[in-house]
Amino acid sequence: MPLSEDEQRILSEIEQRLYESDPALVRSVGSTTVYTHSVRQLKWATATFILGVAIMVLTLSTSFLAAFGGFLVMLGSALWFERNARKLGRVGMQQATSHIRGGGIRDAFGSTGQRMKDRFKRDEP
């Protein structure tokens, strides 16, 4: 059921007030998708897996139990990663990778590579 003209006007006034009162909230809500939480969880699961590998490798020669604990951390984080990857699904993965392909990494790091090239560029006569 479509909104009446009066309801549309009220809604646009509410939106305008929100833009004026809290632009940071509008920006964060506008950039957040359904898949943002799952992607964040995938990053944490990967970091935890790497931590488990480090624990296992560093403690393998000193304590079998600590190394086994590192293995359990790895196993738990792999299951955590798999569960969130299933939640994300194919469409979510395409959306997340399209942001990276579309210059997301370049935007995140800026033009650091170009600045480094310019900084170390020699002025040859």
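Predicted model: local features only at pLDDT ≥ 70, side-chain atom pairs only at ≥ 80, totals over all residues.
Residues are numbered from 1 along each chain as its sequence is written, and side-chain values use heavy atoms, with hydrogens and water left out.

The side chain of Arg86 meets that of Glu82 in a salt bridge, at 2.2 Å from N to O. A salt bridge is a side-chain nitrogen of Lys or Arg within 4 Å of a carboxyl oxygen of Asp or Glu. Glu82 is partly exposed, because its relative accessible area is 33%. Both residues belong to helix α4 and are four residues apart, so about one helical turn separates them.

Asp6 and Arg9 lie three residues apart in helix α1 (residues 5-21), about one helical turn. Arg9 and Glu13, four residues apart, are both in helix α1 too, again with about one turn of the helix between them. Asp6 is partly exposed at a relative accessible area of 42%. Arg9 is also partly exposed, at 41%, and so is Glu13, at 32%.

A pair of aromatic rings is described by the distance of the centres and the angle of the planes. Rings of Phe, Tyr and Trp (its six-membered ring) pair if their centres lie within 6.5 Å; planes under 30 degrees apart count as stacked, over 60 as edge-to-face and the rest as tilted. A search of the whole structure finds two aromatic pairs. In one of them, the rings of Phe64 and Phe68 have centres 6.4 Å apart and planes at 20°, so this pair is stacked.

Phe64 and Phe68 are four residues apart in helix α4, about one helical turn. Phe64 is exposed at 63% relative accessibility, whereas Phe68 is partly exposed, with a relative accessible area of 42%. Ring pairs link Phe64, Phe68 and Phe71 into a cluster.

## A nonpolar surface patch

Phe64, Phe68 and Phe71 also belong to a nonpolar patch on the surface, together with Leu65, Leu72, Leu75 and Leu79. The accessible area of the patch is about 750 Å², by the Shrake-Rupley method with a 1.4 Å probe, where for residues only the protein chains shown count as cover. Patches are made of residues with over 30% relative accessible area and no salt bridge: like charges are joined within 9 Å, and nonpolar side chains (Val, Leu, Ile, Met, Phe, Trp, Tyr) within 5 Å.

Leu65 is found in helix α4. Its relative accessible area is 67%, so Leu65 is exposed.

Helix α3 covers residues 36-59 and includes Val57, which is exposed at 57% relative accessible area. The C-alpha atoms of Val57 and Phe71 are separated by 9.5 Å, with the two residues 14 apart along the chain. The 24 residues of α3 reach 35 Å from first C-alpha to last, close to the 34 Å expected at 1.5 Å a residue; the expected span is 1.5 Å times one less than the number of residues.

The buried residues of α3 include Ser38, Gln41 and Leu42. Asn84, in helix α4 (residues 64-109), touches Ser38, Gln41 and Leu42, not counting residues up to four places away in sequence. Contact means heavy atoms within 4.5 Å. Asn84 counts as buried because its relative accessibility is 3%.

## The whole chain

The chain has five helices and zero strands, where helices (H or I, at least four residues) and strands (E, at least two) are DSSP runs numbered from the N terminus. Of its 125 residues, 13% are buried. The accessible surface comes to about 10,600 Å², and carbon and sulfur atoms account for 63% of that area.

Among contacts between residues at least 6 apart in sequence, 61% join residues at least 24 apart.

Key. Buried < 20%, exposed > 50% of the residue type's maximum accessible area, 1.4 Å probe, protein only.
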